[in-house]
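Subject: Structure handover

Hello,

The structure we discussed is below, followed by notes on what was found in it. Please read the notes with the coordinates open.

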Amino acid sequence: MLAVPETGLQGLCIGSSPERSPVPSPPGSPRTQDTCGIAPLTPSQSPKPDARAPQQALFSVVVAIDFGTTSSGYAFSFASDPEAIHMMRKWEGGDPGVAHQKTPTSLLLTPEGAFHSFGYTARDYYHDLDPEEARDWLYFEKFKMKIHSATDLTLKTQLEAVNGKKMPALEVFAHALRFFKEHALQLREQCPSMPEKDTVRWVLTVPAIWKQPAKQFMREAAYLAGLVSRENAEQLLIALEPEAASVYCRKLRLHQLVDLSSWAPGGGRLGERRSIDSSFRQAREQLRRSRHSRTFLVESGVGELWAELQAGDRYMVADCGGGTVDLTVHQLEQPYGTLKELYKASGGPYGAVGVDLAFEQLLGRIFGEDFINTFKRERPAAWVDLTIAFEARKRTAGPHRAGALNISLPFSFIDFYRKQRGHNVETALRRSSVNFVKWSSQGMLRMSCEAMNELFQPTVSGIIQHIEALLAQPEVQGVKLLFLVGGFAESAVLQHAVQAALGARGLRVVVPHDVGLTILKGAVLFGQSPGVVRVRRSPLTYGVGVLNRFVAGRHPPDKLLVRDGRRWCTDVFERFVAAEQSVALGEEVRRSYCPARPGQRRVLINLYCCAAEDAHFITDPGVRKCGALSLDLEPADCGPDSAGASPGRREIRTAMQFGDTEIKVTAVDVSTNRSVRAAIDFLSN
């Protein structure tokens, strides 16, 4: 057996197939400077992967944290009464006319970087700081999507506060998660039945379109926040947001939803919604009044949507949140109401913050982009005030609204502009080319309804285009229902646009009551029964690089490697799972590997991924290194002298699962039948 240099792959696998080679690509060969070929013990055409039922940990309560771009919250339920979902009745602070069962995703740290507050408390305290003092405080808002947009996300990625100061993103997220953990676990005073933390199953929500590095990042933040320990990693579940919404929606009956398809075109203002069954609301309110503590509302008595649909019926969930639109299509399975994903999760950066960005661009057209950037940097607290004022008016926008909208400008903005430009904001408005925004004598920007609706159009159009593109896929033909969920789905502008664009297709567009809480409630139900989504679609193709025997005419000449008189094809992409492949929960892909040297303590194997299903080589366009599989061997297990080990051939058998919300791996030393610590790191690139 050939030894592998320390700079190369720290483990070597042996192939049982005659087409496989035990020889890795030499570290200095072209295109393989930092990778080595890997030949699994199993043949290239593996037997059908095993499907094993996932092991369920014992727990007494599920606590779900819906960590959103604009707002966040938590809810819980007890294993003894899993469908009674307890939610915060009202967070401290808040804005008039806004439901307070979630709180803004706003974090305030002291000038020294210590935690001060979160949510409304953080926002209001920062608002009340002296402008000069506020410059030193670290205020973060709407920071969730920064880790999704980061192309090189690592544990050292930095986040920028509104004052321009930077801090490790991992610490920012950990502060926020620790706040929810402590808030939830302190509630034993009002909930005596709340158990100790080691019997808690935690659930964190993330967008389905997030890649594996972002999911791992959230798990690392949870470890740092103390939600769970690495030794008890199974106590934390990552829930995909549209999946969580789907889990909740499948527990409803159709009369518990607002059916946009039932609205007559032009039949009144869209914002004045009428429930399909007002008696349900009354019954629900009675339930809440009879079953709530001083702190929590309790929702229970949900029905079963699948009882009103036929076996095999399909529906789409469009999670329209603050940062993204996240789409998934599920098929309901009888008799237990499990779900099968029909198409890989899709979506894009078309969340409610897109409307905020359009407003900021509008201000730049009026007052100058350079001034807006300077104002945000020099008067960060006043900029937050302005965004709050806009948010309040944004919520009242509707396609049939008649009156204009007034947006308050902070005095700090008016004063700062006059000092910077030498004239007042009214003069700026007169001189600008924007004629649909006027100056009000009350010191406000007066915006026409058409102008406000125009700010929505790029984001709303992006959402509709994504939905239409997904509906055009052959795998999702026959979809009957479209559920609009997420905080942005509360917008009458979005509801009207989606119904106008898709209603003609015969698609039934429905919105659950308390639409902004749908994901949170579904995350609790998912935590109680994580096996409810039985089949998922792999978003990418995953595999490793291996050596195959070189076949002239089939393999490119530049892939030829000659070693000891034998001809090998290097850089072959050995696939574990293909993009769009259906993978059942618990289904395993097995491979076996052998350490290259006696006494070796660790095996590292590079993983590759791509969007294409038919990649042949790890050097093909679109194929990239995305992570590393590590196998940590205990000292007692190392080397050919280990009890029961065969000299020169020690097999480590791995089992990977691609059907869960995270890619999972386990490993066993075949010679000793002992577990080997195995992990996949997507953040080390």
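The side chain of Arg591 makes a polar contact with the side chain of Glu574, at 3.3 Å (a polar contact is a pair of N or O atoms within 3.5 Å; within protein, one must be able to donate a hydrogen and the other to accept it, and residues adjacent in sequence count only if both atoms are side-chain atoms). A polar atom of the Arg591 side chain also lies 3.5 Å from the backbone oxygen of Arg575. Arg591 belongs to strand β28, residues 587-593 (helices, H or I with at least four residues, and strands, E with at least two, are DSSP runs numbered from the N terminus). Arg591 counts as buried because its relative accessibility is 2% (buried means under 20% relative accessible area, exposed over 50%, and partly exposed in between, with a 1.4 Å probe and protein chains only).

On provenance: this is a predicted model, in which local features need pLDDT of at least 70 and side-chain atom pairs count only at pLDDT 80 or more, while totals for chains, interfaces and linings use all residues. Residues are numbered from 1 along each chain as its sequence is written, and side-chain values use heavy atoms, with hydrogens and water left out.

Helix α15 covers residues 518-528, and eleven of its eleven residues are buried, so the rest of the structure largely encloses it. Among the buried residues of α15 are Lys521 and Gln528. Helix α6 is mostly covered as well, with nine of its nine residues buried; these include Glu241 and Glu243.

Helix α6 (residues 241-249) packs against α15 at an angle of about 80 degrees, with the axes 7 Å apart (axes are lines fitted to C-alpha atoms, for helices over the stretch in contact, and angles run from 0 to 180 degrees between N-to-C directions). The two helices, α6 and α15, are therefore roughly perpendicular to each other (65 to 115 degrees; under 35 counts as roughly parallel, over 145 as roughly antiparallel, and the rest as oblique). Residues in the contact include Tyr248 of α6 and Phe526 of α15 (contact means heavy atoms within 4.5 Å). By class, the contact of α6 with α15 has nine nonpolar, two polar and three charged residues (Ala, Val, Leu, Ile, Met, Phe, Trp, Tyr, Cys and Pro count as nonpolar, Asp, Glu, Lys and Arg as charged, and the others, Gly among them, as polar).

Two other helix pairs follow. Helix α4 (residues 169-185) and helix α5 (residues 212-225) pack at about 60 degrees with their axes 8 Å apart, and are therefore oblique to each other. Their contact, α4 with α5, has eleven nonpolar, no polar and four charged residues by class. The axes of helix α8 (residues 353-367) and helix α13 (residues 449-471) come within 8 Å and cross at roughly 135 degrees, which makes α8 oblique to α13. The contact of α8 with α13 has six nonpolar, two polar and no charged residues by class.

Last, two backbone points. Lys142 is not a glycine, yet its phi is positive, near 50 degrees; Lys142 sits in the loop between β8 (138-141) and α3 (146-149). At 28% relative accessibility, Lys142 counts as partly exposed. Asp514 also has a positive phi, about 50 degrees, without being a glycine, and is found in the loop between β22 (508-512) and α15. Asp514 counts as partly exposed at 25% relative accessibility.

Regards
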